[in-house]
Amino acid sequence: MEVNEDFVKHIAKVARLELSEEEVKSFVPQLKEILEMFSVIDECDVENVQPSFQPISGEGKLREDIVGECLLQEDVLSLTPHKKDSYFKGPRII
Amino acid sequence: MEDVNKVLEETKKINDEYNYLNTIIEKPIQRKKEGKLSNYYITFKDAICVKGVHSRAGSSILEGYYPLFNATVVEKCLDEGAILLGKTTQDTFGFGSFNINTNLNIPKHPLDKSRVTGGSSGGSCGFTKKVKFKHISLGESTGGSMANPSSLCGVFSLTPTYGLVSRYGLMDYANSMDKIGPIANSMKEIAIMLEVISGNDEKDSTSLNSNKNNICRDYSKQIGVSLKGMRVGILKESFNDSIDEGIKNSMKKCIDILKSVDVECEEISLPFSLKYGIPTYYIIATSEASTNLARYCGIRYGAYLPLEGNFNEYFSKVRSTNFHPEAKRRIILGTFVRMATQRDAYYLKAAKIRTKIIEEYKEIFKKYDVILSPAMPIVAPKFDEVDKLTPLQSYMMDIFTVSPNLAGVPHLTVPFWESNNLPVGLMFIADHLKENNLIRIGSYLEGMDKN
């Protein structure tokens, strides 16, 4: 995949970012350089190697599903001006 | 105990000059007087949530965010008599090696204001170096964010085994690597703080079970224990041409001291980790970061705008206005390497290489108790030198720190001698849950460079 301005704009859109023309221009050579560095991994043979998604196996233990102390609705809503009645208010969907 | 007003006065004076804190707690918080941290003032990296205290992870996207709860480490400090003093400056969400990637405060080096502190826990390290009162800071490392600035600023830091310290209440950078740890001016303080903050937490599903893993957490009892019989692997690549000469001299002096007390020192190499560590780290870290940062959308907390346009337009606008360019760069990289067409070639492959990096460390630790290398290839650079680096050149500064972070093995930075009047930090790496070995060796070497 060629790293050019269209590439950067496409990924930014997918990631919900609006970039200025200046940002797009500066990102192209930077991302090219970084992706080239990433390509070093092509030289590594990992056949029959299992992936590690964590460095050390933890318990992976989930809490029992017991109702405990939780945040109060009014406290949670106090963190935003975007609310109506007892709900968050978001932008329009369509 | 120091007078709280004097502490606040000193803190503000330092902060006006050096920018180490994004938030100073005007009425420092204390729950009880007695405990292991009695009379200690504690600062926290901005990404660690403190209830009711402005917490922004070095990003304006969290402007106005006052957490409704404490991180587990904050609760543990309060239970041991600590006094909470403030939130330290950092690269936005931990994205940086020099603490210049933030749209909040940029900290200056404690010994030379024309230089950087290193990053991303730069504020924690600079402030620790500068204050005169009893103080410990809690930093966070994903790929070297404690080892790097503690090395450049000349303070101790211990990045613990992944899962030893709860991440509950830490704003995520890359969940599979994020670790909270202590930054201090002495090994005793490092050991005590690690005793306080470590241990299983049911609020963090990746937290390790101390009993099952037979973890001995009497870290302060390791202070001053003889090094006799210890085996140290000296990383051969520490002496490459690209490494600062003064740092190599510090390494040599340290090795001489260790040999003089019959510590077995032998050359080792980590060719696989050094070749693949940086690309593997940045693929995994940006993948995880790009999903973690999706939550910042200007609706529930933090920065917001008037609700205009549809949800795509609104989210994009809030995020673009408030994310630092480095956050945007990492989101774009992480989004790309996770795309359906790229995932196997990048993310999955990196996860497999990570397995081999862990195996390379495990193999070394069959024969050696610790590995010694520099934390950084350079001493603290000047701001104008850092400004000239491309993002890739900055990433390459993490050459020694990314692999232990990928492997989740604990590592300690010990300030040891100087190069051109600037601090040098040596890094000791141990096997999973062998923090005791790090405390032993760090406490032995503490102050040796002043003799």
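Mentor: The account below treats the pockets, then the cavities, and then some charged residues of the structure.

The model is a predicted one. Its largest pocket holds about 1600 Å³ of space. The lining of this pocket is made up of 45 residues, and those closest to its centre are A:R63, B:F69, B:Y168, B:G169 and B:K203. Both chains also take part through helices: α3 (73–77) of chain A and α2 (72–79) of chain B each give at least two residues to the lining of the largest pocket. Sorted by class, that lining has 19 nonpolar, nine polar and 17 charged residues.

The second largest pocket has a volume of about 300 Å³. Its lining consists of 20 residues, with B:I100, B:N101, B:E326, B:R329 and B:L389 nearest the centre. Two or more lining residues come from each of α2 (21–38) of chain A and α9 (325–338), α11 (383–387) and α12 (391–395) of chain B. The largest share is that of α9(B), with four residues. In this second largest pocket the lining has eight nonpolar, eight polar and four charged residues.

We turn next to the cavities. The structure contains four cavities of 30 Å³ or more. About 100 Å³ is the volume of the largest cavity. Among the 14 residues that line the largest cavity, B:G96, B:G143, B:S145, B:Y281 and B:D398 lie nearest its centre. Nine residues of this lining are polar, three are nonpolar and two are charged.

The second largest cavity has about 60 Å³ of space. Its lining includes B:I61 and B:R295, together with B:Y296, B:C297 and B:G298. Six nonpolar, two polar and two charged residues form the lining of the second largest cavity. One of its lining residues, B:R295, also belongs to a network of salt bridges with B:R167, B:D172 and B:D204.

Over all chains, the structure has 25 salt bridges. In one of them, A:K25 pairs with A:E5, and the closest N and O atoms are 4.0 Å apart. Because A:K25 lies in helix α2 of chain A and A:E5 in helix α1 (residues 5–14) of chain A, this pair ties together parts that are 20 residues apart in sequence. A:K25 counts as exposed, at 52% relative accessibility, whereas A:E5 counts as partly exposed, at 30%.

In chain B, a salt bridge of 2.9 Å, N to O, joins the side chains of B:E26 and B:K12. The two residues are 14 residues apart, with B:E26 in strand β1 (residues 21–30) and B:K12 in helix α1 (residues 4–18) of chain B. B:E26 is partly exposed, with a relative accessible area of 49%, and B:K12 is partly exposed, with 31%.

B:E189 is buried, and the nearest side chain of opposite charge, that of B:K134, is 7.2 Å away.

In α3 (residues 122–130) of chain B, seven of the nine residues are buried. Among them are B:G122, B:S124, B:C125 and B:F127.

Terms used:
Residues numbered from 1 in each chain as written. Chains lettered and ligands numbered in written order. Predicted model: local features only at pLDDT ≥ 70, side-chain atom pairs only at ≥ 80, totals over all residues. Heavy atoms only, no water. 1 Å grid on protein atoms, 1.4 Å probe; cavity = no way out; pocket = protein on both sides within 12 Å on 5 of 7 lines; lining within 4 Å. Points joined across faces, edges and corners; volume = space filled by probe spheres on them. Nonpolar A, V, L, I, M, F, W, Y, C, P; charged D, E, K, R; others polar. Buried < 20%, exposed > 50% of the residue type's maximum accessible area, 1.4 Å probe, protein only. Lys, Arg positive; Asp, Glu negative; His and termini not counted.
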